[in-house]
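Please examine the structure shown below together with its sequence. The paragraphs that follow lead through selected parts of it.

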Amino acid sequence: MIELANLAENVTISNNVLRRSGGAGQCIRSQPHSGIGANGLSIRGNTCINNTDGAAIMVGGGKDVSVTGNRILASGGPASMGTYLFPIGGHFDGVLVEGNLYRGTAHSSVRMGATGGFGFTGALIMGNVSRESGPMRCENPLLNPVGGIVVGTNNWAVPSACVVP
């Protein structure tokens, strides 16, 4: 597992093959403990084989974060997710989730978890493919300003459960 914590800035995680098994967990996780998310984080070109009932890629808060060109192969457990993004301490600003392949992520391929009074600004989700996976989910859509999440063309295995204002 690759984990980033406090004050991660201008970090690229690329071209790794990660296998996770055992208790629920992530292949890649960025979650600050101080309330300041990653700035300039790029997660690209990785393969994650996640045989746990958790999120393959989880990013808590940040600014200018991209998750692109990754291949996520999950166990199909009921809580398994591909990419899980959520704000911490303020709006999650500048998010790109593009060109990822999700297989076996039963709960959701992409989960946008607006919470704690904060949502997303400047988020674009496009060009992703899911198979044998759950829908894209957007929680608490009223926390996102109009246009905060833009969903482009994706090839989801099931219809998106994401309602954006």
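Glu132 is located in the loop that joins β16 (129–131) to β17 (137–139). In this predicted model, the phi angle of Glu132 is near 50°, a positive value in a residue other than glycine. Glu132 counts as exposed, because its relative accessible area is 61% and the threshold for that class is over 50%.

The side chain of Glu132 also takes part in a salt bridge, in which its partner is Arg103 and the N to O distance is 3.3 Å. Arg103 belongs to strand β13 (residues 101–103) while Glu132 lies in the loop between β16 and β17, so the pair ties together parts that are 29 residues apart in sequence. Arg103 is partly exposed, with a relative accessible area of 32%.

How many salt bridges does the structure hold? There are 3. In general terms, side chains of opposite charge can pair when their charged atoms come close. Another of these bridges joins the side chains of Glu139 and Arg111, at 2.5 Å from N to O. This pair links distant parts of the chain, with Glu139 in strand β17 and Arg111 in strand β14, 28 residues apart. Are these two partners buried or partly exposed? Glu139 is partly exposed at 25% relative accessibility, whereas Arg111 is buried, with a relative accessible area of 17%. The two residues fall into these classes because buried means under 20% relative accessible area.

A further salt bridge is formed by Glu3 and Arg29, whose closest N and O atoms are 2.4 Å apart. Here too the pair links distant parts of the chain: Glu3 is in strand β1 (residues 2–4) and Arg29 is in strand β4 (residues 28–30), 26 residues apart. Glu3 is partly exposed, with a relative accessible area of 39%, and Arg29 is also partly exposed, with a value of 21%.

Asn140 has its place in the loop between β17 and β18 (149–151). The phi angle of Asn140 is near 50°, again a positive value in a residue other than glycine. Asn140 is partly exposed, at a relative accessible area of 43%.

Where is Asn46 found? Asn46 is in the loop between β6 (42–44) and β7 (47–50). Although it is a loop residue, Asn46 is buried, with a relative accessible area of 3%. A polar atom of the Asn46 side chain lies 3.2 Å from the backbone oxygen of Arg44. When neighbours within four places in sequence are left aside, Asn46 is in contact with Ile13, Ser14, Asn15, Asn16, Ile28, Gly69, Asn70 and Arg71.

Methods: Residues are numbered from 1 along each chain as its sequence is written. This is a predicted model: local features need pLDDT of at least 70, side-chain atom pairs count only at pLDDT 80 or more; totals for chains, interfaces and linings use all residues. Side-chain values use heavy atoms; hydrogens and water are left out. Helices (H or I, at least four residues) and strands (E, at least two) are DSSP runs, numbered from the N terminus. Buried means under 20% relative accessible area, exposed over 50%, partly exposed in between (1.4 Å probe, protein chains only). A polar contact is a pair of N or O atoms within 3.5 Å; within protein, one must be able to donate a hydrogen and the other to accept it, and residues adjacent in sequence count only if both atoms are side-chain atoms. Contact means heavy atoms within 4.5 Å. A salt bridge is a side-chain nitrogen of Lys or Arg within 4 Å of a carboxyl oxygen of Asp or Glu.
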